[in-house]
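This briefing is meant for a reader who has not seen this structure before. Please look over the sequence and the model first, then read on.

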Amino acid sequence: MTETATPLWEVFIRSRSGLPHKHCGSVHAADATLALQAARDVYTRRGESVSLWVVPSAEIVASDPDDKGELFEPTGTKIYRHPTFYIVPDDVGHM
Amino acid sequence: MYTQALNEKAPSRDANAPPEDAKMLARFQAVVDAEDKIEPNDWMPPSYRRTLQRQISQHAHSEVIGMQPEGNWLTRAPSLKRKATLLAKIQDEAGHGLYLYSAAETLGMSREEYYEQLLSGRAKYSSIFNYPTLTWADMGVIGWLVDGAAIMNQIPLCRCSYGPYARAMIRICKEESFHQRQGYEIMVTLSRGSPAQKAMAQEALNRFWWPVLMMFGPSDKESMHSADSTKWKIKRFSNDELRQKFIDATIPQGQHLGLTFPDPNLKFNDATGHWDYGEIDWSEFRRVLAGDGPCNRQRMKARQAAEANGAWVREAARAHAEKRRQRSAAAKIAAE
Ligand SMILES: [Fe+2]
Ligand SMILES: [Fe+2]
């Protein structure tokens, strides 16, 4: 008998209040409730988390690594987007 | 190590596969050489992918099977403290297996396929878990030596070129230290206890010492070249280098316990600054790895039974999820 595959969920953890949720791995679970429970058991056995997100893996839309150049390189030449590009006279002081 | 069978034979190169794009290959190697990470959707040589699928899943299988020898003593732990500790350690090992399956799945093979490889006996797991745990002292020796050997191997893996594997190893290494220390504490307690307790500790060390040394895999002289793994920055130290590091670190710990290692050739070499040790019985290693160790059949049977006995639970959970999905869909339609 071949079983139907149990869906895959990506797990995100907020380790302390004030910090963003960060990806930490994945779990398999039939539904969201079970996914949260599995994520708690697998990824938070030592107080690593104050909040958990689980997201169906299939729902994540990611950029294609092959488009890395096209997507992200143009910003490399736009140095005028950084404050250090601009010269402010010394006697103006900190700005 | 946990992936000791890796050296047995290099993953076969698919003869029909199109030649790897030289430009892609050069770019891949440049990323690896720069100590940058390869991530799941990045281009990688098919042989790199196969090597990792094999190594990470073997590692995961070892963590999972590794729960059995320790689970054997859960109900007979000598105190509530030891029982709670052992339970927490075994839960960690389950967690390690799951972190690793999660990393292995990013290489484009499903959890179910990896399980199937283990359950059908096609995939290997560490030979060490095919030895029986006959006394409580084995819980001490396993934590001290088996987890100790695992740490030796796993620390360099935290810098592995494949991002998801490296990240899983960092989590695992943080937890392993507790495993080794609780094992050593059991050994300290037994070796300072009654003569019978000390004898039990010594006897456990006698049984486990050589199998633990085998965890590092075949000697460098015999091991099939791990040249690719080294070039890809998956493997950073040879089997013999890791084994030597482990022995050098462990002997003083054993001396502190007042125990003797079952190797008459063990002696400190002033010239090299390392401990010399006797010949490992590689025929035993090959026998256990091939499926003929003291507990191979028992371990596989227990794993297969666990999978089969859990099938109805997974089925019920899926049916419940499906029912809820249909109900909420019907309610949505009704509301419209
Ligand atoms: Fe582990
Ligand atoms: Fe461990």
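The model is a predicted one. Chain A and chain B bury about 1700 Å² between them, and the contact draws on 18 residues of chain A and 20 residues of chain B. Among the links across it is a network of salt bridges that joins A:R45, A:R46, B:D92 and B:E175.

- Of the area that chain A and chain B bury between them, 46% is on carbon and sulfur atoms.
- On the chain A side, the residues that lose the most area to chain B are A:E3, A:R45 and A:R46, which together make up 28% of what that side buries.
- Between chain A and chain B, 11 residue pairs are in polar contact, counting pairs with both residues at pLDDT 80 or more.
- Strand 2 (22-28) and helix 1 (32-43) of chain A are the elements that give two or more residues to the side of chain A that touches chain B.
- Strand 2 of chain A supplies the largest share of that side, 4 residues.
- Sorted by class, the side of chain A that touches chain B consists of 8 nonpolar, 5 polar and 5 charged residues.

**Salt bridges between the chains**

- The whole structure has 24 salt bridges over all chains, and 4 salt bridges are found across the interface of chain A and chain B.
- A:R45 and B:E175 form a salt bridge in which the closest N and O atoms are 2.9 Å apart. This pair runs from the loop between helix 1 and strand 3 (51-56) of chain A, where A:R45 sits, to helix 7 (residues 163-191) of chain B, where B:E175 sits.
- A:R45 counts as partly exposed because its relative accessibility is 24%, whereas B:E175 counts as buried at 4%.
- A:R46 and B:D92 meet through their side chains in a salt bridge, at 2.5 Å from N to O. A:R46 belongs to the loop between helix 1 and strand 3 of chain A, and B:D92 belongs to helix 4 of chain B.
- A:R46 is partly exposed, with a relative accessible area of 38%, while B:D92 is buried, with 1%.
- A:R46 also meets B:E175 in a salt bridge, at 3.4 Å from N to O.

**Chain B as a whole**

- Chain B has 13 helices and 2 strands.
- Its C-alpha trace spans about 80 × 55 × 35 Å along the principal axes.
- The radius of gyration of chain B is 22 Å, which agrees with the value near 20 Å that a compact globule of 336 residues would have.
- Of the 336 residues of chain B, 52% count as buried.
- Among contacts in chain B with a separation of 6 or more, 80% are between residues 24 or more positions apart.

- B:T51 is in helix 2 (residues 46-65), and its side chain reaches the backbone oxygen of B:S47 at 2.8 Å. B:T51 is buried, since its relative accessible area is 4%.
- B:L100 is in helix 4 (residues 80-105) and is buried, with a relative accessible area of 0%.
- Leaving aside neighbours within four places in sequence, the contacts of B:L100 include B:I56, B:H59, B:A60, B:Y165, B:A168 and B:I172.
- The C-alpha atoms of B:L100 and B:T133 are separated by 25 Å, with the two residues 33 residues apart along the chain.
- B:N153, in helix 6 (residues 137-157), counts as buried at 10% relative accessibility. Although B:N153 and B:K245 are 92 residues apart along the chain, their C-alpha atoms are separated by 9.9 Å.
- B:D240 lies in helix 10 (residues 239-257), and its side chain makes a polar contact of 2.7 Å with the side chain of B:R243.
- Not counting residues up to four places away in sequence, B:D240 touches B:S219, B:D220, B:K221 and B:Y277.

**A salt bridge within one helix**

- The side chains of B:E322 and B:R325 form a salt bridge, at 2.8 Å from N to O.
- B:E322 and B:R325 are both in helix 13 (residues 311-335) of chain B, 3 residues apart, or about one turn of the helix.
- B:E322 counts as partly exposed, at 33% relative accessibility.

Conventions:
Residues numbered from 1 in each chain as written. Chains lettered and ligands numbered in written order. Predicted model: local features only at pLDDT ≥ 70, side-chain atom pairs only at ≥ 80, totals over all residues. Heavy atoms only, no water. Contact = heavy atoms within 4.5 Å. Buried area = accessible area lost by both parts, 1.4 Å probe. Polar contact = N/O pair within 3.5 Å; in protein donor to acceptor, adjacent residues only side chain to side chain. Nonpolar A, V, L, I, M, F, W, Y, C, P; charged D, E, K, R; others polar. Rg over C-alpha atoms; globule rule 2.2 N^0.38 Å. Buried < 20%, exposed > 50% of the residue type's maximum accessible area, 1.4 Å probe, protein only.
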